[in-house]
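Dear colleague,

Please find below the structure that I am handing over to you, with its sequence.

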Amino acid sequence: MADSMPPDSEDHLLEEDYYAFLNLSKDATPEEITNAYRRLSKLYHPDKHRDPDQKKNAEILFNKTKTAYEVLNDPHQRAIYDTLGVKGLQTEGWQIVQRTKTPQEIREEYELLLKDREERRIQQRTNPKGTITIGVNATDLFETYDFDTGFPVIEVSAMSISQSVEAPLDTSDTLTLNGSIATQNGTGGGNINCSWKKVVSAKSWLEGGIGAGNGLVLNMKGFRTLSKYSFGTLQTSFQFMESTVSPGVELMLARQLARNTAGYLTVKGGSSSSVNTMIVHDTEKGHFVAGLQFGIQRSFFTLSYTKKLEDEGRLKGSIKFGLFGAILEYGCQKKVSKNSTVGASMILGVPSGVTLKLKIMRANQTFLFPIMLSEELIPSAVFYGTAAPILGWFILKVLYIDPYHERQKRRETEKLKEVNAQRIAEKRKEALIAVSLMQETYRRIKIEEEKKNGLVIKLAVYGSAENITNLNLDQLDSQLDILDATVPLQCLIKDSRLILPNRSKSNLPGFYDPCLGEEKLLRIDYLYKNIAHSITIPDNELLRIPRIGE
């Protein structure tokens, strides 16, 4: 079936989770694997059942249990399964790894295979990147003017376009062509540059380029890892203008100061000589930068902090002051789809005034719209420049972003269900067979637990998060996206304890996925020491009952 599907459909196919089927965590020990196999073998061994139909059904699940055990109990097969999944265990087209290799060699060879594939993919790909900036002058909106002269004028005062095309020749050589053109107030210019980058070793690379625009430009850049915690770059350039040559040099040294902190020192020589030092602290929650620059033309001090939000959003604030004056900037950005990000920031400067900067990033293209609101710090410009993007964001979110995500989620769910329709039907049938085979074990364990006032499952349901949250017990049998998991979970109880790993519960014995692609919950109502308890957890959360204190 998979062979007749398009490649993107294969990525949506469900695979067996042997760890979940045996109710094990991924770091399970050989002893735990053996114990899990023995426990399920008692349930599914054909010799445990006399009825011919039950014996036939038991053989199906026993073979699955045996397969899961053989894979996880063999370090070699387990390494293949952990690295490549079930497809890695198939013998068809076995070109990935040889069966004689050790688990560590399997992982290493698989990484080399991925590297080779990446190299072939790189050779067939170019990486276009571009930025379009449109400067808008809207100062008339916040300046006093005579209504007799008409409405305020909003004009495009500047525009620039830059584009680059990166063409990797192989994993060591990359050719890049980039150019830009800019115009402001009726005057402008442009340039074009071609560069070639070669990776010399794992520690160094060299890049050379030639450009034209305001004269011919030759440049050379090199990178070198100096030690385990430091690296440096050196760049030189020569610009030929009429009868003069303008040389330039830039040296940058970087060193890791702590686990998440690095320091940078940059020295520039030439027409715009300067010395810049910067400290960057980057974590999963935030990005902090402090910098100080001394230069002939410009000296300043800057601080900035970016807060990383869990929903792929960013909040940023920065301050910069020096001989030119001072600038305060604050803003945010949000990823609205897989390839699109929008952002807005306010720039308050003395003497530069108030500017609202809008940003749209789509794939490798960036669109910037700096809108000059006022040449002075006018409160109304600051207020409306801050409020307008917030209001615009909420309108965009309600009218476009939320509906778009809902459509994407529905399409993804529909595709999952379509590709895996036959697989889900098989899993459902398998789960019904497993529950029928568990009945005797279920009664025995339940009676034992009741006698010692242990752990007794009164009701367990698994499926649609929305329906379980608003569960109607009277209509449980009619809800197709909810699975009654009372029997399977009671059979997993050992010594009045139930432990489920942090993996999808849909692969447990007696389970299947009743609402593929949707958010799922597991709710358990149980008695422990004759006291009623209830717990509801997300699908991939670790479960231990009874809980501490019960």
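Which helices each supply at least two residues of the lining of the largest cavity? Please bear in mind that this is a predicted model. The helices in question are helix 4 (52–73) and helix 8 (421–451). Of these, helix 8 gives the most to that lining, with 4 residues.

The largest cavity has a volume of about 60 Å³, and 13 residues line it. Those nearest its centre are Phe 21, Glu 430, Leu 508, Pro 509 and Gly 510. By class, the lining of the largest cavity comprises 8 nonpolar, 2 polar and 3 charged residues.

The model has 2 cavities of 30 Å³ or more. For the second largest cavity, the volume is about 40 Å³. Its lining is made up of Arg 39, Leu 40, Leu 43, Tyr 44, Met 438, Pro 488, Cys 491, Leu 492 and Pro 509. Helix 3 (30–44) and helix 10 (486–491) each contribute at least two residues to the lining of the second largest cavity, and helix 3 gives the most, with 4 residues. This lining divides into 8 nonpolar residues, no polar residues and 1 charged residue.

I turn now to strand 21. With which strands does strand 21 pair in the antiparallel sense? One partner is strand 18 (residues 455–464), joined to strand 21 over 9 bridges. Within this pairing, Ala 460 has Ile 524 of strand 21 as its bridge partner. The other is strand 22 (residues 531–538), which pairs with strand 21 over 8 bridges. Here the bridge partner of Tyr 526 is His 533, in strand 22.

Strands 21 and 22 also form a hairpin, with 2 residues between them. In the turn, Lys 529 has a positive phi of about 55°.

In summary, there are 2 cavities of 30 Å³ or more, and strand 21 is paired in the antiparallel sense with strand 18 and with strand 22.

Yours sincerely

Conventions. Residues are numbered from 1 along each chain as its sequence is written. This is a predicted model: local features need pLDDT of at least 70, side-chain atom pairs count only at pLDDT 80 or more; totals for chains, interfaces and linings use all residues. Side-chain values use heavy atoms; hydrogens and water are left out. Two strands pair if DSSP finds at least two bridges between them. On a 1 Å grid over the protein atoms alone, a cavity is a set of points where a 1.4 Å probe fits but cannot get out, and a pocket is an open set with protein on both sides within 12 Å along at least five of seven lines; lining residues have an atom within 4 Å of a point. Grid points are joined across faces, edges and corners, and a volume is the space filled by probe spheres set on the points. Ala, Val, Leu, Ile, Met, Phe, Trp, Tyr, Cys and Pro count as nonpolar, Asp, Glu, Lys and Arg as charged, and the others, Gly among them, as polar.
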